[in-house]
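Subject: Handing over the structure

Dear colleague,

I am passing on the structure that we talked about, and below it you will find my notes on what came out of the analysis. Please have the structure open while you read, so that you can look up each residue as it is named.

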Amino acid sequence: MSISVLIANLPYLLQGALVTLWLAFVVVIAGTLLGAVVGTISSGGGPILRSLVTAYVFVFRGIPVLVVMFLGFYTFPAFGIRLSAYAAVMISMVFYVGAFVTEAVRGAIAAVPTGQIAAAKSLGMRRLTMLREVVLPQAARLSIAPILNISLMAIKQTSYASVVGAWELSFAAREVVERTLAAFQIFLGVMLIYFLICYPISLLANYCERKLSFDH
């Protein structure tokens, strides 16, 4: 077994890795913003709003991400909207990641001690002021570790984008394998690239979990 074929094609694979990072960055940022907004609104909303958010979370968390991508890829053309494979994948994954972040944010808000909320009310704080000054700062701190873990999930799931024709690391690897027939060497390199991307984030998530647990 020679790794020369991997070394020769490594620049091409790294180009795919850059596209994967760009795709993951957009999905994680947009999905986190969506989930943070929806989770915050649902925590202070009425029963109808909470039911709608619960349905959104239940549906998207209960569907495999590959199915969500296929739905996004084929739904827009069905309504006469033409999007690139990248746009369809990003929109689909934003809603998918947003559902997980929504639940993480709702859980973080619910974890804020009720005594602090009662103290804020006793001081005469209005709902928005209490949310901005007391609840959200603590909830944001508690949700860091879960959101980092969700980000890890999103980075790895971008590999499914190649199924609908979006060129990224997995797609680039398949192209190289078809040309060289060196499947083991190429996908070993792909594994190492994903590891180098994900492992630092995993360490950061573990550190945040330990730090928050100790402080609590």
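I begin with Tyr199, which is partly exposed because its relative accessible area is 40%, where buried stands for under 20% relative accessible area, exposed for over 50%, and partly exposed for anything in between, computed with a 1.4 Å probe and protein chains only. Before going further, please keep in mind that this is a predicted model, in which local features need pLDDT of at least 70 and side-chain atom pairs count only at pLDDT 80 or more, while totals for chains, interfaces and linings use all residues. Residues are numbered from 1 along each chain as its sequence is written, and side-chain values use heavy atoms, with hydrogens and water left out.

Helices here are DSSP runs of H or I with at least four residues, strands are runs of E with at least two, and both are numbered from the N terminus. Phe195 is also partly exposed, with a relative accessible area of 45%.

Aromatic pairs come up again elsewhere, and a search of the whole structure finds eight of them. The rings of Phe, Tyr and Trp (for Trp, its six-membered ring) count as a pair if their centres lie within 6.5 Å, and the pair is called stacked when the planes are under 30 degrees apart, edge-to-face when they are over 60, and tilted for the rest. Phe70 and Tyr74 count as stacked because their ring centres are 6.2 Å apart and their planes stand at 15°. These two residues, Phe70 and Tyr74, sit four residues apart in helix H3 (residues 65-78), so about one helical turn separates them. Phe70 is partly exposed, at a relative accessible area of 29%. The pair of Phe195 and Tyr199 is stacked too, with 4.9 Å from centre to centre and 20° between the planes.

The C-alpha trace spans about 70 × 50 × 25 Å along its principal axes, and 40% of the 216 residues count as buried. If we look at contacts (heavy atoms within 4.5 Å) between residues at least 6 apart in sequence, 79% of them join residues at least 24 apart.

Asn9 lies in helix H1 and counts as buried because its relative accessible area is 11%. Its side chain is joined to that of Arg179 by a polar contact of 2.6 Å, a term for a pair of N or O atoms within 3.5 Å, of which, within protein, one must be able to donate a hydrogen and the other to accept it, with residues adjacent in sequence counting only if both atoms are side-chain atoms. Leaving aside neighbours within four places in sequence, Asn9 is in contact with Val176, Arg179, Thr180 and Ile186.

Val19 is likewise placed in helix H1, and it is buried, with a relative accessible area of 18%. When residues up to four places away in sequence are not counted, Val19 touches Tyr86, Trp167 and Glu168.

Ser92, in helix H4, is buried at a relative accessible area of 6%. A polar atom of the Ser92 side chain lies 2.7 Å from the backbone oxygen of Ala88, and Ser92 touches Val68, Met69 and Gly72, again not counting residues up to four places away in sequence.

Finally, which helix gives the most to the lining of the largest pocket? Helix H6 does, with five residues, while helices H1 (4-44), H4 (85-111), H5 (114-122) and H6 (127-157) each supply at least two. By class, the lining has nine nonpolar, three polar and four charged residues, where Ala, Val, Leu, Ile, Met, Phe, Trp, Tyr, Cys and Pro count as nonpolar, Asp, Glu, Lys and Arg as charged, and the others, Gly among them, as polar.

With best wishes
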